[in-house]
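Student: I have a model open and would like to learn how to read it. Could you take me through a few features?

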Amino acid sequence: MIIKATDEYLALLNQAVAREIQVSAQYMLQHTKIEKLKRKVIKENYLLETTTYDEFGQILKDLAIEEMKHLAQINQRIYLLGGEATTKPDQVIIGNSMREFAELDLKAEEEALELYRQLIEAAKNIGDRETWVLFTKIYSDEEEHLMKFQDYSEMENEPDLGETPDSEWRSIFGQEYIALLNKALASEISAVVQYTTQHEKAEGLERMRRKKNALEVATGKNKASVVSGVLKETFLQEMEHMEKISERIYEIDRESIATINPLPEIGNSVDEFIKLDREAENYAIVLYRKVITEATRLGDIKTKKLFEDIIQDEETHYWAFDDFLP
Ligand SMILES: [Fe+2]
Ligand SMILES: [Fe+2]
Ligand SMILES: [Fe+2]
Ligand SMILES: [Fe+2]
């Protein structure tokens, strides 16, 4: 072991993990809601090529990805220290206006800074230099995020969003149907977290392994590193699915719900990872067929088309994982 990490210390690192998952999902879902706010709130927006909404929307997406990178880096550290990373996020809150987004996000960044100050201190005390370096870097990222959100939270008030009356064509988007779409969203968030965490754990397992054969040493590659690469590519695609599904929910003027379901399962070896991942893909495919059936029945062609595209990716993922099964 590199250094002796106490349970308390690992718990602190896991608090950081819970935060990073939370903010990553929070910013991504806010990003998907922006379009809806933009079209509804300020009439003059129609006349502009880019608006504050577009700018803020892009910032939210960029930051969601940056937080996901933080998550990966912290996970990697936890696995190198011999710990187990949590997959349970802190509570995601989305908000109803750009200003509210900014206020919620500002608060999240403030809390992160507070926690990371503690972590930097703890890393110093325990003599864990690499974690210290990592969190000093993340700390300065979070400080930048905080300042961005500060600008937007100090803007003048926006008008209220108000309810859209449901026209006849939208009456098909009933509660049960939206719940089904949110179930799909929840499974995408789950896949993102599962694959990101496994990707880092695979690298950790790989580095701690002693016995390597000649081919592995010569090529610098083996099953764990190849699977780790597949996981990375896959989680990026799941993140896109998550974005598109949430966008669709907001497009039809309903609310996305940020839950993680099923709970991500990580496993303890590369063989276990891919077995669990194949199951996760199987779950998604079965669920999305249901979405397609419902969308077809209701005549929601756009959602049907979206899930037809997504299901093709999931099948590709399924076979990619299947290829690596022993
Ligand atoms: Fe972060
Ligand atoms: Fe941040
Ligand atoms: Fe997906
Ligand atoms: Fe997938």
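Student: Is Q26 buried or exposed, and why?

Tutor: This is a predicted model, so a word on counting first. A residue counts as buried if 20 or more other C-beta atoms lie within 10 Å of its own. Q26 has 26 C-beta neighbours inside 10 Å, so Q26 counts as buried.

Student: Where does Q26 sit, and what does Q26 touch?

Tutor: Q26 belongs to helix α1, residues 7–41. Setting aside residues up to four places away in sequence, Q26 touches V92, I93, I94, A108 and A258. Take I93: 67 residues separate Q26 and I93 along the chain, yet their C-alpha atoms are 6.5 Å apart.

Student: How is the chain divided into domains?

Tutor: There are two entries to look for: domain 1 covers 1–162 and domain 2 covers 166–326. Their C-alpha centres lie 22 Å apart. The contact takes 21 residues from domain 1 and 23 residues from domain 2.

Student: Which elements of domain 1 give two or more residues to the side that touches domain 2?

Tutor: Those are α1 and α2 (52–80). The most comes from α1, with 9 residues. By kind, the residues on this side of domain 1 divide into 13 nonpolar, 5 polar and 3 charged.

Student: Which residues of the largest nonpolar core touch the most other members?

Tutor: Look at I189, V192 and V227, in a core of 74 residues. Helices that each supply at least two residues include α3 (98–126), α4 (129–153) and α5 (175–208), while α1 gives the most, with 12 residues. Both domain 1 and domain 2 give residues to this core, so the core lies between them. As for I189, its contacts beyond four places in sequence are A25, M242, A258 and I260.

Student: Which residues of α9 are buried?

Tutor: The general idea is that an α-helix has 3.6 residues a turn, so residues three or four places apart point the same way. In α9, the buried residues are T303, L306, F307, I310, E314, H317 and F321. What covers them includes α7 (223–251) and α8 (270–298).

Technical notes
Residues are numbered from 1 along each chain as its sequence is written. Chains are lettered from A and ligands numbered from 1 in the order in which they are written. This is a predicted model: local features need pLDDT of at least 70, side-chain atom pairs count only at pLDDT 80 or more; totals for chains, interfaces and linings use all residues. A residue is buried if 20 or more other C-beta atoms lie within 10 Å of its own, exposed if 12 or fewer, and partly exposed in between; C-beta atoms are placed from the backbone. Helices (H or I, at least four residues) and strands (E, at least two) are DSSP runs, numbered from the N terminus. Two residues are in contact if their C-beta atoms, placed from the backbone, lie within 7 Å. Domain bounds come from an automatic or database domain assignment. Ala, Val, Leu, Ile, Met, Phe, Trp, Tyr, Cys and Pro count as nonpolar, Asp, Glu, Lys and Arg as charged, and the others, Gly among them, as polar. A nonpolar core is a set of buried Ala, Val, Leu, Ile, Met, Phe, Trp, Tyr and Cys residues joined through C-beta atoms within 7 Å.
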